[in-house]
Amino acid sequence: MPESKKLPPAKPDPEEEKKQREQMQRRMSFSLSYLLVGILFLWLFQEFVLTPMMIQATEIPYSEFKQKLANKQIVKVTLRENDIIGEMKNPTPNATPATLPFETVGTAKSDPKLIEQLEAAGVSYSFQRPPSPIGSFFMAYVLPLLLLGGFWYLMYRRATGGAGGLGNIFGISKSKATEVKASDVGVTFKDVGGADEAIAELQEIIQFLKSPEKFAKLGGRIPKGVLLVGPPGTGKTLLAKATAGEAGTSFFETSGSEFVEMFVGVGAARVRDLFEQARKAAPAIVFIDEIDAIGQSRAGAIRIGGNDEREQTLNQLLAEIDGFKTSTSAPVIIMAATNRPEVLDPALLRAGRFDRQIVVGNPDLQGRLQILKIHSRGIKLAPDFDLERAARMTPGFSGADLANVMNEAALLAARRNADAVTLDDFSAAIERVIAGLEKKSRVMNEGERRTVAYHEAGHALIAELVPHGDPVSKISIVPRSRGALGYTMQMPTEDRYLMTLEELQDRIAVMLGGRAAEKVVCGQISTGASDDIMRATELARRMVTEFGMSEKLGSVRYAGQPLQYLGGTLEDSSHLSQETRQLIDREVQRIVTEQYERAQNLLREHRDALEKLTQLLLTKETVDGSAVKQVLGK
Ligand code: ADP
Ligand code: ZN
Ligand code: MG
């Protein structure tokens, strides 16, 4: 059970903002290209279809017409309702065409002698039927609409995968994924530091790609999808590239935002195209970076606009993942990365899709040391530059931050014309980088680190000290995600379906162990326990209102009705009297306070162990469960 500390919400990530802006720009330029294509199409239509239909006649005055008629220059006329059109001989002799169309305003009614004269001149003449109103309506409104509609339909058909169509020509439905040759990737696992666990899992994936038969022999199913999860800058993209570099297979790289377009169906078509390409190139890895752009939960908040498109794209992705059998001769494995796994649609995460999830966290001391080694490869360090001290100076930094600090240090050294980078340059660079980082609330000062260490040690000790606590598997003061400053992981020994009152009380005590430690040691409390408090309060409230565990209130249900299909509880407390509500609140408060006191007392009794465990955490940053038993002398 991870315990986490919450800080005030971090400011929006500038990287994320940039990404959104880029996406907007892409959308703009995309719809602009649609508009241009539309205009071009209309122009072509007018130029080559409409214009030839209309005879480009020269308009001549009626007098000239009469004169030409007298001179036998007129060949043919049609008498229309308001005007006369016809053909006259070309004034330039022997030129082609021999006759030219003309029109003139005038009617047989206004010139009663006209018919006579026409007959005298031997001109073939005819009258035109008045235009049918339906016909002109058709020409003026229906035809253009039909054409426009047809155009859009073709686009749409193409985009959603119908064969042929105009979209084909414009290629909007082509996936923008680029195939990268393994030799061009240029990174291997040697370039990734502090991610040994992730690398071990990825090695296995590479084995699947290289010798799928070996695994399929016994009937096992080769995994389809691998999801890399972790905070920004921890090397998820780097790991995916390194996997391609190591595996030596075709590698298709794309980003979730490539699939999000203005027009419904385009994203889905791109997904289809991408998988088609990958299957042809198999064995292959398809990597979708920042998959949250398409993989957002379809339930959840109501989104305005772009909803349909995202949904279609996501459905297509799911269908593609389900659709292909990982063939043993030519496997395709999908990798994806995200720093917001909580927004992903549960359908993506279920078994058979992204069934392997690899957590890439911020590096601990050893990890930071490795990363600094990697990023100082090309940098001239002073002989006394102690990389381990440098690693100690940078708790909470991500791989990207460390790369940045190392680079900044080299620049600072160059500025003072030194011939090697010293630790002083490095610490100056840290300050410089921290100025940018503090906004993201990732870096702690020494005092905060101590508080976090006491807090996590408190959780761990209480978990070990109460009779029903789940054993601690790992404690860390390396921030694992944005907002959390440390965590204590507990491994339940078995699945529990029933819990007794004592077990629930122990659980609350563990949740409050962090704050209790702060109180016992420092005599003061911090904002870091807000998440613990929320969860403890929630559990206590359920004990009172759902499990009937308060003697004062008895075995009566006070909570709202559970929603039948959606899970969750309908918060309707209107049936409760004012007094009952007060009583519930008081009981919740009693339960929580009792456990808080109990945790404090336990920690006072084991003050030595708390001190030892905290020291251990401050030096090592991450310790496993055995350390807790050890400090308690078990
Ligand atoms: P993410 O995709 O997780 O946000 P990236 O993979 O884009 O992070 O990392 C950005 C850069 O930071 C990388 O190109 C690399 O230089 C550096 N970096 C991040 N993590 C590591 C790591 N574990 N080892 C080495 N370098 C790293
Ligand atoms: Zn906590
Ligand atoms: Mg990335």
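Buried, as used here, means under 20% relative accessible area, with exposed being over 50% and partly exposed in between (1.4 Å probe, protein chains only).

## Ground rules

This is a predicted model, where local features need pLDDT of at least 70, side-chain atom pairs count only at pLDDT 80 or more, and totals for chains, interfaces and linings use all residues. Residues are numbered from 1 along each chain as its sequence is written, chains are lettered from A and ligands numbered from 1 in the order in which they are written, and side-chain values use heavy atoms, leaving out hydrogens and water.

## The zinc site

Let's start with the metal. His455 (NE2), His459 (NE2) and Asp532 (OD) coordinate the zinc ion (ligand 2) at 2.0 to 2.1 Å. Donors are N, O and S atoms within 2.8 Å of the metal (3.2 Å for Na, K and Ca), and water is not among the atoms, so sites may look incomplete.

Along the sequence, the spacing of the donor residues reads H-x3-H-x72-D. His459 sits in helix α18 (residues 446-465) and Asp532 in helix α20 (residues 530-545), so this pair, 73 residues apart, links distant parts of the chain. Both His459 and Asp532 are buried. Helices here are DSSP runs (H or I, at least four residues), numbered from the N terminus.

## α20 against α21

The helix that carries Asp532, α20, packs on α21 at an angle of about 125°, with the axes 9 Å apart. Axes are lines fitted to C-alpha atoms over the stretch in contact, and angles run from 0 to 180 degrees between N-to-C directions. The two are therefore oblique to each other; that word covers whatever is left once under 35 degrees is called roughly parallel, over 145 roughly antiparallel and 65 to 115 roughly perpendicular.

On the α20 side the contact (heavy atoms within 4.5 Å) includes Ala536, Thr537 and Met543, and on the α21 side Ile584, Glu587 and Val592 are among the residues.

## α19 joins in

Helix α19 (residues 501-522) also packs on α21 (residues 578-605), at about 60° with axes 7 Å apart. That makes α19 oblique to α21. Among the residues that meet are Ile508, Leu512 and Arg515 in α19, and Tyr596, Ala599 and Leu603 in α21.

## A buried loop residue

Ala559 lies in the loop between α20 and α21. Ala559 is buried, at a relative accessible area of 13%. Not counting residues up to four places away in sequence, Ala559 touches Thr545, Glu546 and His575. Ala559 and His575 are 16 residues apart along the chain, and their C-alpha atoms are separated by 9.8 Å.
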